[in-house]
Amino acid sequence: MTTQTTNQPADTIRDGALKVTIWKNFGENGTFYSVEPSRTYKQGEAYKDSHSLSGTEPIQMARLLHLAYTRIGELIQQDRTPGTTNATDQEAA
């Protein structure tokens, strides 16, 4: 069973309307990170997220996913280094 300990993402990487949200999760095999790619749009007065991309957005998203991969590596290193905190830990304090 997998659970998330917080409703706050570990990080969010953006490029215009595109974003990749990084979530820190805890499972039976320990801590792991997952990503949620999306595109934000406005419908009326409300902002919503879509998971479909068009035009050049897949290329932009590929770049964001690569940045997220690198960021997850940094977060894992922080998790392994005693005495360090990431932005999510600091906000929760």
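Two strands are said to pair if DSSP finds at least two bridges between them. Helices (H or I, at least four residues) and strands (E, at least two) are DSSP runs, numbered from the N terminus. On that basis, strand β4 (residues 30-43) and strand β5 (residues 46-50) run antiparallel and are joined by five bridges.

Two remarks on the source are in order. This is a predicted model, in which local features need pLDDT of at least 70 and side-chain atom pairs count only at pLDDT 80 or more, whereas totals for chains, interfaces and linings use all residues. Residues are numbered from 1 along each chain as its sequence is written, and side-chain values use heavy atoms, with hydrogens and water left out.

Let me begin with the strands. Strand β2 (residues 11-15) runs antiparallel to β3, and five bridges join them. Within this pair, Ile13 has Val20 of β3 as its bridge partner. The two strands form a hairpin with two residues between them, and in the turn Gly16 has a positive phi of about 60°.

How much of strand β3 is covered? Eight of the ten residues of β3 (residues 18-27) are buried, and the strand is mostly covered. Buried means under 20% relative accessible area, exposed means over 50%, and partly exposed lies in between, with a 1.4 Å probe and protein chains only.

I turn now to helix α1. This helix comprises residues 57-80, and its 24 residues should span 34 Å at 1.5 Å a residue; the end C-alpha atoms are 34 Å apart, which agrees. The expected span is 1.5 Å times one less than the number of residues. The buried residues of α1 are Glu57, Met61, Leu64, Ala68, Arg71, Ile72 and Leu75. Among what covers them are β2, β3 and β4. Ala68, for instance, touches Ile13, Val20, Ile22 and Val35, residues up to four places away in sequence not being counted. Contact here means heavy atoms within 4.5 Å.

Which residues make up the largest nonpolar core? There are eleven: Ala10, Ile13, Leu18, Val20, Ile22, Tyr33, Met61, Leu64, Ala68, Ile72 and Leu75. The elements giving two or more residues to this core are β3 and α1, and α1 provides the largest share, five residues. A nonpolar core is a set of buried Ala, Val, Leu, Ile, Met, Phe, Trp, Tyr and Cys residues joined through side-chain atoms within 4.5 Å.

Next, the charged side chains. The structure holds six salt bridges, each being a side-chain nitrogen of Lys or Arg within 4 Å of a carboxyl oxygen of Asp or Glu. One of them joins Asp15 to Arg63, with the closest N and O atoms 3.9 Å apart. Asp15 lies in strand β2 and Arg63 in helix α1, so the pair ties together parts that are 48 residues apart in sequence. Asp15 is partly exposed, at 25% relative accessible area, and Arg63 is also partly exposed, at 46%.

Another salt bridge pairs Asp79 with Lys24, at 3.2 Å between the closest N and O atoms. This pair links distant parts of the chain, since Asp79 is in helix α1 and Lys24 in strand β3, 55 residues apart.

A further salt bridge, between Glu74 and Arg71, has an N to O distance of 3.1 Å. These two residues are three apart in helix α1, so about one helical turn separates them. Glu74 is partly exposed, at 41%, whereas Arg71 is buried, at 16%. Asp11, Arg71 and Glu74 are linked in a network of salt bridges.

Finally, a word on confidence. The pLDDT is the predictor's confidence in each residue, from 0 to 100. The protein chain averages 88, and 83% of the residues score at least 70. Confidence is highest in β2, at 98, and lowest in helix α2 (residues 87-92), at a mean of 46. Over residues 89-93 the pLDDT is below 50, and this stretch has two contacts in the model beyond near neighbours in sequence.
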